[in-house]
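I opened a new notebook page for this chain. My plan is to look things up one at a time and write down what I find.

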Amino acid sequence: MERLAELSSEGDVTERVAEQVAEREAALAALAGLSEPDAEAVILASWYGLAPADAAKLAGCSTRAFTVRLYRARRRLSQALDLTPATTLQEQS
């Protein structure tokens with residue numbers, strides 16, 4: 001009962017879930033907008049949690065090249081997320 005009271009006092013649960021879904025959709029859209037090598041770098045490092053040396057082997061490049069690729073891919077992903085409609089809608093609220 002206490003947990004239900006906490007949930008109801010935290011605000012509208014439906015609104016929070018909708019925000020999370022919108023954020024997830026924006027992130028997936030931004031990821032889909034990346035080039036294949038950029039998306040691969042982000043997925044190997046973030047989704048699979050691989051160390052740069054291991055990810056580089058799978059990507060077929062040196063560890064140094066992969067680290068640079070990942071840095072650039074994360075920067076492009078961040079820029080893409082800043083430009084998504086969900087972000088601009090939240091900023092207007």
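Glycine 49 follows α3, and its phi is positive, near 65 degrees.

A note on the source. I am reading a predicted model, in which local features need pLDDT of at least 70 and side-chain atom pairs count only at pLDDT 80 or more, while totals for chains, interfaces and linings use all residues. Residues are numbered from 1 along each chain as its sequence is written, and side-chain values use heavy atoms, with hydrogens and water left out.

**Entry: the whole chain**

How many helices and strands does the protein chain have? I found six helices and zero strands. From the N terminus on, the order is α-α-α-α-α-α.

Next I looked up burial (buried is under 20% relative accessible area, exposed over 50%, partly exposed in between, with a 1.4 Å probe and protein chains only). Buried residues are 19% of the 93 residues. The chain exposes about 6,900 Å², and carbon and sulfur atoms supply 57% of that area. Areas come from the Shrake-Rupley method with a 1.4 Å probe.

Then I checked contacts, meaning heavy atoms within 4.5 Å. Of the contacts with a separation of 6 or more, 52% join residues 24 or more positions apart.

I listed the buried residues of α3: Asp38, Ala39, Ala41, Val42, Leu44 and Ala45. Which residues does aspartate 38 contact, leaving aside its neighbours within four places in sequence? They are Arg69, Ala73 and Arg76.

I then compared axes, which are lines fitted to C-alpha atoms, for helices over the stretch in contact, with angles from 0 to 180 degrees between N-to-C directions. The axes of α3 and α5 come within 8 Å and cross at roughly 100 degrees. The two helices are therefore roughly perpendicular (the range for that is 65 to 115 degrees). On the α3 side, the contact includes Pro37, Asp38 and Glu40; on the α5 side, it includes Arg69, Arg74 and Arg76. By class, the contact has nine nonpolar, one polar and five charged residues.

**Entry: α4 against α5**

Helix α4 covers residues 52-59 and helix α5 covers residues 63-82. Their axes come within 8 Å and cross at roughly 95 degrees. That makes α4 roughly perpendicular to α5. Pro52, Ala53, Ala55, Ala56 and Ala59 of α4 meet Thr63, Phe66, Thr67 and Arg69 of α5.

I followed up on valine 42. Beyond its neighbours within four places in sequence, valine 42 contacts Leu31, Leu34, Trp47, Leu70, Ala73, Arg74 and Leu77.

**Entry: alanine 29**

Is alanine 29 buried, exposed or partly exposed? Alanine 29 is partly exposed, because its relative accessible area is 49%. Alanine 29 sits in α2, residues 13-32. Leucine 81 is 52 residues away in sequence, yet the C-alpha to C-alpha distance to alanine 29 is 8.6 Å.

Methods: Helices (H or I, at least four residues) and strands (E, at least two) are DSSP runs, numbered from the N terminus. Angles under 35 degrees count as roughly parallel, over 145 as roughly antiparallel, 65 to 115 as roughly perpendicular and the rest as oblique. Ala, Val, Leu, Ile, Met, Phe, Trp, Tyr, Cys and Pro count as nonpolar, Asp, Glu, Lys and Arg as charged, and the others, Gly among them, as polar.
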